[in-house]
Amino acid sequence: MDSTMIHVCLQTEGAPTGEHHEVGERWVCSCGDNFVYREGFNRAGYPSLGWWPAPAIPQPRRTARGLLFGPRKG
């Protein structure tokens with residue numbers, strides 16, 4: 001997603017509002033896009049705090065061995 005576009009989910013009910021967020025706070029919208037509240041540069045070139053698109057945080061997967069055999073006994 002282009003950073004100059006306004007994401008529709010940021011204007012819907014349940015989206016974070018106001019300026020009382022910690023830098024680094026993350027939010028995942030209902031469509032699955034990830035955002036992080038951080039400092040960036042707006043269209044005029046000035047630094048500003050806001051919700052910016054971010055990649056998802058990778059989650060560790062369980063191994064297939066753990067799913068097939070369970071914990072060791074003995």
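**View 1. A54 and the residues around it.** In this predicted model, A54 touches R26, N34, F35 and V36, once its neighbours within four places in sequence are set aside. A54 belongs to strand β3, which covers residues 47-54. With a relative accessible area of 16%, A54 falls under the 20% cut-off and therefore counts as buried. Look also for R26: its C-alpha lies 8.7 Å from that of A54, although 28 residues separate the two in sequence.

**View 2. N34, across from A54.** Here we move to strand β2, residues 34-41, where N34 is found. N34 stands opposite A54 of β3. The relative accessibility of N34 is 16%, so this residue is buried. Beyond its neighbours within four places in sequence, N34 is in contact with R26, W27 and V28, and also with W52, P53, A54, P55 and A56.

View 3. Eight bridges join β2 and β3 in the antiparallel sense.

**View 4. The largest nonpolar core.** Seven residues make up this core: C9, A15, W27, C29, F35, Y37 and W51. One of them, A15, touches C9, L10 and W27, leaving out residues up to four places away in sequence.

Technical notes:
Residues numbered from 1 in each chain as written. Predicted model: local features only at pLDDT ≥ 70, side-chain atom pairs only at ≥ 80, totals over all residues. Heavy atoms only, no water. Helix = DSSP H or I, 4+ residues; strand = E, 2+ residues; numbered from the N terminus. Buried < 20%, exposed > 50% of the residue type's maximum accessible area, 1.4 Å probe, protein only. Contact = heavy atoms within 4.5 Å. Core = buried A, V, L, I, M, F, W, Y, C linked by side-chain atoms within 4.5 Å. Pairing = 2+ DSSP bridges.
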